[in-house]
Amino acid sequence: MTTGFLFASLFAFLLLGMPIAIGLGLASVLTILFFANDSLASLALKFFQTAEHYTLLAIPYFILAGNFMTTGGVARRMIDFATSCVAHLRGGLAIASVMACMLFSAVSGSSPATVVAVGSIVIAGMVRSGYSLSFASGVICNAGTLGILIPPSIVMVVYAAATESSVGRMFMAGVIPGILLGLMLIVAIWVIATIKDLPRQERRSWSERGRTGLGALWGLLLIVIILGGIYGGVFTPTEAAAVSAVYAFFAASFIYRDMGPLQDRPGSPAAQGVALTLIGGIPLMIGGYMSEGFSNIGVLWVGLFLAAATGLYLFLGRPETGESAGRALIRSIGETLVNLPGAMLHRDTARVLVDSGKVTVMLMFIIANAFLFAHVLTTEQIPQNIAAVIADAELAPWQFLLVVNILLLVAGNFMEPSAIILILAPILFPIAMQLGIDPIHLGIIMVVNMEIGMVTPPVGLNLFVTAGITGMGVMQVVRAALPWLMVLLTFLVIVTYVPLVSLWLPDLLFGAAMVQ
């Protein structure tokens with residue numbers, strides 16, 4: 001009775017058009033009032049405990065980093081690089097857009113942000129090059145889903161918090177599936193482009209590929225910092241998120257100069273990057289030595305790295321400003337030191353902070369209410385009861401995963417990904433553990449299902465974002481995205497029944513996990 005009322009009231013509120021966060025919270029409160037022995041005080045305590053969840057602290061930092069990268073011209077530089085590499089192939093501009101989505105996913109952690117950043121640039125270019133608006137919109141709508149599969153992913157952080165799994169393992173588990181899905185979309189585009197004789201562009205020179213690659217390099221270093229820092233044990237995932245936000249601020253304001261007081265001023269990204277490395281590295285080396293936070297070997301390694309980076313730039317650097325490498329480096333150091341306070345207080349920085357705060361409040365409010373809902377589930381022992389029913393049914397692991405996929409695909413049509421994971425993960429997780437299914441494998445399966453939910457009506461967010469940037473109706477975007485959805489469903493089958501795709505890399509880097 002309690003379970004039926006809890007879910008029936010939630011679905012009733014959703015059908016009435018109530019926001020998902022309020023529906024989750026209200027269904028939880030009513031269930032406690034009418035059926036449970038728990039008190040409302042426990043709900044209030046659980047609501048505020050959400051803010052103290054250390055893993056969830058990574059979410060606002062990843063949102064902030066993604067907004068800095070979106071505000072800057074990082075997406076445009078990634079598109080230029082991808083286009084220079086593959087635009088000569090049949091359907092090359094569409095293939096380049098998928099590559100750009102893969103690259104930008106590695107710095108945004110969000111599907112809608114990926115669709116906006118890449119789609120607002122490439123869709124118009126594809127139409128001008130002879131692609132239909134429907135074809136271009138369908139490709140971007142589906143390729144944008146890579147934003148929650150390729151790390152860093154906010155949805156992965158939510159799953160890790162809900163199941164107390166390792167964020168680092170989840171991030172590593174998403175790398176190969178993300179690349180595989182990107183390649184599957186690219187192959188599908190190439191086949192269709194060959195059949196339909198879609199346009200291709202001239203082959204670009206290797207010098208242009210190198211130039212555009214260097215232009216995108218400073219944005220792509222973000223994923224190196226995050227995954228390298230986590231795997232190397234330099235910082236935790238939450239600390240990695242904070243570092244990524246700081247790096248994204250400096251990259252957008254000083255290296256690319258797409259915002260802040262240096263906007264539109266000429267500069268050399270390479271010189272600015274080395275300048276920032278020296279400005280941050282020298283105090284780090286001195287402070288680590290004086291506080292004995294670094295060993296002598298550690299100080300030596302930092303010093304050698306700074307010397308090597310500076311020497312390599314002075315020897316190979318060709319500043320775009322026409323200056324000598326040394327002069328450009330000195331000017332970049334001076335401009336950074338002089339303009340740093342102004343950049344921190346600039347209206348562009350304030351706008352990014354406010355926008356990030358709005359998104360964070362919205363998402364955390366959903367998460368907090370979803371935690372309340374999960375708390376009621378746990379209090380009423382609903383996960384344990386469902387697990388007992390499934391155990392009595394003696395489902396094989398492959399049958400259980402089939403049921404999981406059907407359940408998640410249906411839920412993805414009506415609810416936001418974070419809410420789905422926080423509601424269903426506590427139910428599915430103990431059953432998966434009983435059946436010997438790796439929790440990281442289950443997490444990737446859930447994330448892929450959430451990807452599909454982003455492109456299915458009636459609440460698929462990527463559909464609405466794509467409609468907004470193209471001017472198409474939502475149902476037109478649905479029809480455009482439908483053929484590519486078949487690629488995502490095929491990929492879901494592969495990820496579900498070939499665990500090695502998800503588990504090989506994290507097991508290689510962190511060792512095989514013990515599944516009870």
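Helix α23, residues 500-510, has five names on its buried list: V501, S502, L503, L505 and P506. The cover over these buried residues includes α10 (167-196), α20 (439-453) and α22. After α23 comes G511, with a positive phi near 90 degrees. This is a predicted model.

**Helix α21 against α22**

- Helix α21 spans residues 461-470, and helix α22 spans residues 474-497.
- Their axes come within 9 Å and cross at roughly 115 degrees.
- That angle makes α21 roughly perpendicular to α22.
- The crossing of α21 past α22 is right-handed.
- On the α21 side, the contact is made by L463, F464, T466 and A467.
- On the α22 side, V474, V477, V478 and A481 take part.
- Seven residues of this contact are nonpolar, one is polar and none is charged.

**Helix α7 against α21**

- Helix α7 runs through residues 111-128, and its axis comes within 10 Å of the α21 axis.
- The two axes cross at roughly 30 degrees.
- Angles under 35 degrees count as roughly parallel, and α7 and α21 are therefore roughly parallel to each other.
- The crossing of α7 and α21 is right-handed.
- From α7, the residues in contact are S111, P112, V115, V116, G119, S120 and I123.
- They meet L461, N462, V465, T466, I469 and T470 in α21.
- This contact divides into seven nonpolar residues, six polar ones and no charged ones.
- T466 of α21 takes part in the contact with α7, and T466 is also listed in the contact with α22.

**S418 in helix α19**

- S418 lies in helix α19, which covers residues 417-434.
- Is S418 buried or exposed? S418 is buried, and its relative accessible area is 1%.
- Setting aside residues up to four places away in sequence, S418 touches V158, L363 and I367.

**A387 in helix α17**

- A387 belongs to helix α17, residues 382-393.
- A387 has 8% relative accessibility and counts as buried.
- Which residues are in contact with A387, leaving aside its neighbours within four places in sequence? They are I431 and Q434.
- A387 and A432 are 45 residues apart along the chain. Their C-alpha atoms are separated by 9.2 Å.

**Cysteines**

- A disulfide is a covalent bond between the sulfur atoms of two cysteines.
- How many disulfides are counted here? The count is zero.
- The cut-off for a disulfide is a pair of cysteine sulfur atoms within 2.5 Å.
- C85 is partly exposed, at 22% relative accessibility.
- C101 is in no disulfide either. Its nearest cysteine sulfur is that of C141, 10 Å away.
- C101 is buried, at 0% relative accessibility.

Technical notes
Residues are numbered from 1 along each chain as its sequence is written. This is a predicted model: local features need pLDDT of at least 70, side-chain atom pairs count only at pLDDT 80 or more; totals for chains, interfaces and linings use all residues. Side-chain values use heavy atoms; hydrogens and water are left out. Axes are lines fitted to C-alpha atoms, for helices over the stretch in contact, and angles run from 0 to 180 degrees between N-to-C directions. Helices (H or I, at least four residues) and strands (E, at least two) are DSSP runs, numbered from the N terminus. Angles under 35 degrees count as roughly parallel, over 145 as roughly antiparallel, 65 to 115 as roughly perpendicular and the rest as oblique. A crossing is left-handed if the near helix is turned anticlockwise from the far one by less than a right angle, and right-handed if clockwise. Contact means heavy atoms within 4.5 Å. Ala, Val, Leu, Ile, Met, Phe, Trp, Tyr, Cys and Pro count as nonpolar, Asp, Glu, Lys and Arg as charged, and the others, Gly among them, as polar. Buried means under 20% relative accessible area, exposed over 50%, partly exposed in between (1.4 Å probe, protein chains only).
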